Amino acid sequence: MPSSIELASQQKDHLCGPFHAARVLSDHGVCEIDQDLVALHAGTTLPDGAGEEVPPGASSWRDYRYELPTADRGHAGTSCRGLLEAIEELSDGRLGVVPISGEWNSAAVEAVLELEARLIANVRTGRLWGSRPPFEALIAALDGEELAHPPAADWDVGHFVDLVTLVRGLGLRTEIWNN
């Protein structure tokens, strides 16, 4: 398992926000940081009696370095405010976090990514494709084809993701340019 200064390539169960925040902090020179420390500072709570809830191909990982509090499933997790405060605190104020919310679409996400800012988004996974879509479906969607049966989501939960790149296809370009 990774040490406290070696960033993990996989998030621990229920630490998606702290996992991505630790990567952002490390990328900006904050040393001795990991997802466990961010979770502690962010006030993350683990769900009571959690079962294995990991995406296909991933392994459950729960050896947390700190004893994190628990809460019922409906109230467990990491709040956006807690994550914001943890990033600012653990960076000694060197990093500022700007919370943004509203109606999101491809143009809004593209505008934020063009700022060269890191975008840690809290998304509802039930609206996304599954984690292992067929290659043919990806190519068809990027070419602008309407898929009759897009790959179903693996689960439907709130999940933090770090949006770092934008992939465009002919279909998306046409949609944006025609607006």
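**Surface patch**

I looked up the nonpolar patch on the surface: Trp-129, Phe-135, Leu-138 and Ile-139 form it, with about 370 Å² of accessible area together. Accessible areas come from the Shrake-Rupley method with a 1.4 Å probe, and for residues only the protein chains shown count as cover. A patch takes residues with over 30% relative accessible area and no salt bridge; nonpolar side chains (Val, Leu, Ile, Met, Phe, Trp, Tyr) are joined within 5 Å, like charges within 9 Å. I place Trp-129 in the loop between E3 and helix H5 (135–142). Helices (H or I, at least four residues) and strands (E, at least two) are DSSP runs, numbered from the N terminus. Trp-129 is partly exposed, at 31% relative accessible area.

**Model and numbering**

I note that this is a predicted model, in which local features need pLDDT of at least 70 and side-chain atom pairs count only at pLDDT 80 or more, while totals for chains, interfaces and linings use all residues. Residues are numbered from 1 along each chain as its sequence is written, and side-chain values use heavy atoms, with hydrogens and water left out.

**Salt bridges**

I searched the whole structure for salt bridges and found seven. The criterion is a side-chain nitrogen of Lys or Arg within 4 Å of a carboxyl oxygen of Asp or Glu.

I took Lys-12 and Asp-63 to begin with; their side chains meet at 3.7 Å, N to O. Lys-12 is in the segment before helix H1 (16–27) and Asp-63 in the loop between strand E1 (46–47) and strand E2 (70–71), so I have a pair that links distant parts of the chain, 51 residues apart. Lys-12 is buried, with a relative accessible area of 5%, whereas Asp-63 is partly exposed at 39%. Lys-12 and Asp-63 also belong to a network of salt bridges with Asp-36.

Next I checked Asp-27 and Arg-118, whose side chains form a salt bridge at 2.7 Å, N to O. Asp-27 sits in helix H1 and Arg-118 in the loop between helix H4 (106–114) and strand E3 (119–124), so the pair ties together parts 91 residues apart in sequence. Asp-27 is exposed at 52% relative accessible area, and Arg-118 is partly exposed at 31%.

I then looked at Arg-65 and Asp-34, a salt bridge at 2.7 Å, N to O. This pair links distant parts of the chain, 31 residues apart: Arg-65 is in the loop between E1 and E2, Asp-34 in the loop between H1 and helix H2 (35–42). Arg-65 is partly exposed, with a relative accessible area of 41%; Asp-34 is buried, at 7%.

**Nonpolar cores**

I looked for nonpolar cores, meaning sets of buried Ala, Val, Leu, Ile, Met, Phe, Trp, Tyr and Cys residues joined through side-chain atoms within 4.5 Å. The largest has 16 residues, of which Leu-25, Ile-33, Val-38, Leu-83, Ile-87 and Leu-90 touch the most other members. H1, H2 and helix H3 (80–90) each supply at least two residues of this core. H1 gives the most, with five residues.

I listed the contacts (heavy atoms within 4.5 Å) of Val-38, not counting residues up to four places away in sequence: Pro-18, Ala-21, Ala-22, Leu-25, Ile-33, Leu-83, Ala-86 and Leu-90.

**Single residues**

I found His-20 in helix H1, buried at 13% relative accessibility. Not counting residues up to four places away in sequence, His-20 touches Ile-120, Phe-160, Val-161 and Asp-162.

I found Pro-69 in the loop between E1 and E2, partly exposed at 45% relative accessibility. Pro-69 and Asp-48 are 21 residues apart in sequence and 9.2 Å apart in space, C-alpha to C-alpha.

**Cysteines**

I searched the whole structure for disulfides (a pair of cysteine sulfur atoms within 2.5 Å) and found zero. Cys-16 is in no disulfide, and its nearest cysteine sulfur, that of Cys-80, is 9.9 Å away. Cys-16 is buried, with a relative accessible area of 11%; Cys-31 is exposed, at 61%.

Note on methods: Buried < 20%, exposed > 50% of the residue type's maximum accessible area, 1.4 Å probe, protein only.
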